[in-house]
Structure formats: structure tokens, C-alpha cells
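Trainee: I have just opened this one for the first time. Could you walk me through it?

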Amino acid sequence: MDVGEWWDGRPLRVWVARRLYDYAHLPRIKDSRTRPWVLTAREAAHGPDNEPLVRDVRPLGWIEDRVITEADRVVRHHRNSWGPLDRGCTTGT
């Protein structure tokens, strides 16, 4: 994924944290076996929530729980910078 121009030079760490935060609720509401992972792929289109739809996927690795916990901390610290993000509880707090 590329950082969009709309991010306008804000910290990359915060951008990555927001991407992880946006999907961290899925193990709770979809399936407890759901895990975040990193892949390489070619973008083919965008879905209804503007998520990238990809092809030629090659998995690279799992993202550890501690990374998701840190992403949650970063988002909560910066949340006033972009308004409310109602994604529900992401780390059980």
C-alpha cells in the first residue's frame, strides 16, 4: 500500500497504526482465527469500503499481537487529530 497524498506528510508510524486499527476488530466479530498478515500483490481494483482488491498474492508473514496492541496505543494517542474513530474495542480495554 502506498500512503495517499491526502496524508500530507504526517508520520508514517501513525498511518500504519491506523491501517492496522481499522481491521483489528475482525477476530472479535468474524472469526477468532482471523489474523493480520503482510503480503505483496498487485492492486486490481477497490472494494465498497475503498479497500484494495488484489491479485498475484504472495504472503510474507503474520503480524504479531504486540504490534496490534501498539497500533491501538498510537491511534488512541492521536485520535483527537482526526476526530472519532468508532471501531469498537480493539485490544480488550
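Mentor: Let's start at the hairpin formed by S1 and S2, which has five residues between the two strands. In its turn, Asn-50 has a positive phi of about 65°. A word on the source: this is a predicted model, where local features need pLDDT of at least 70, side-chain atom pairs count only at pLDDT 80 or more, and totals for chains, interfaces and linings use all residues. Residues are numbered from 1 along each chain as its sequence is written, and side-chain values use heavy atoms, with hydrogens and water left out.

Trainee: In which sense do strand S1 and strand S2 pair?

Mentor: Helices (H or I, at least four residues) and strands (E, at least two) are DSSP runs, numbered from the N terminus. Two strands pair if DSSP finds at least two bridges between them. Val-38 stands opposite Gly-61 in S2. Over eight bridges, S1 (residues 37-46) and S2 (residues 52-62) pair in a sense that is antiparallel.

Trainee: Which pattern does the protein follow along the sequence?

Mentor: Besides the two strands, the protein has three helices. Reading along the sequence gives the pattern α-α-β-β-α.

Trainee: How far apart are the end C-alpha atoms of helix H1?

Mentor: The expected span of a helix is 1.5 Å times one less than its number of residues. H1 covers residues 12-23, so its 12 residues should span 16 Å. The model agrees with this, as the end C-alpha atoms are separated by 18 Å.

Trainee: Against which helix do the buried residues of H1 pack?

Mentor: Buried means under 20% relative accessible area, exposed over 50%, and partly exposed in between (1.4 Å probe, protein chains only). The buried residues of H1 include Val-14, Trp-15 and Leu-20. They pack against helix H3 (65-78).

Trainee: Is Ala-24 buried or exposed?

Mentor: Ala-24 lies in the loop between H1 and helix H2 (26-29). Its C-alpha atom is separated by 9.4 Å from that of Thr-34, 10 residues apart along the chain. Because its relative accessibility is 15%, Ala-24 counts as buried.

Trainee: And Asp-8, is that residue buried or exposed?

Mentor: Asp-8 sits in the segment before H1. Its phi is near 55°, a positive value in a residue other than glycine. With a relative accessibility of 65%, Asp-8 counts as exposed.

Trainee: What is the phi of Asp-56?

Mentor: Most residues other than glycine have a negative phi. Asp-56, in strand S2, is not a glycine, yet its phi is positive, at about 55°.

How values were computed: Contact means heavy atoms within 4.5 Å.
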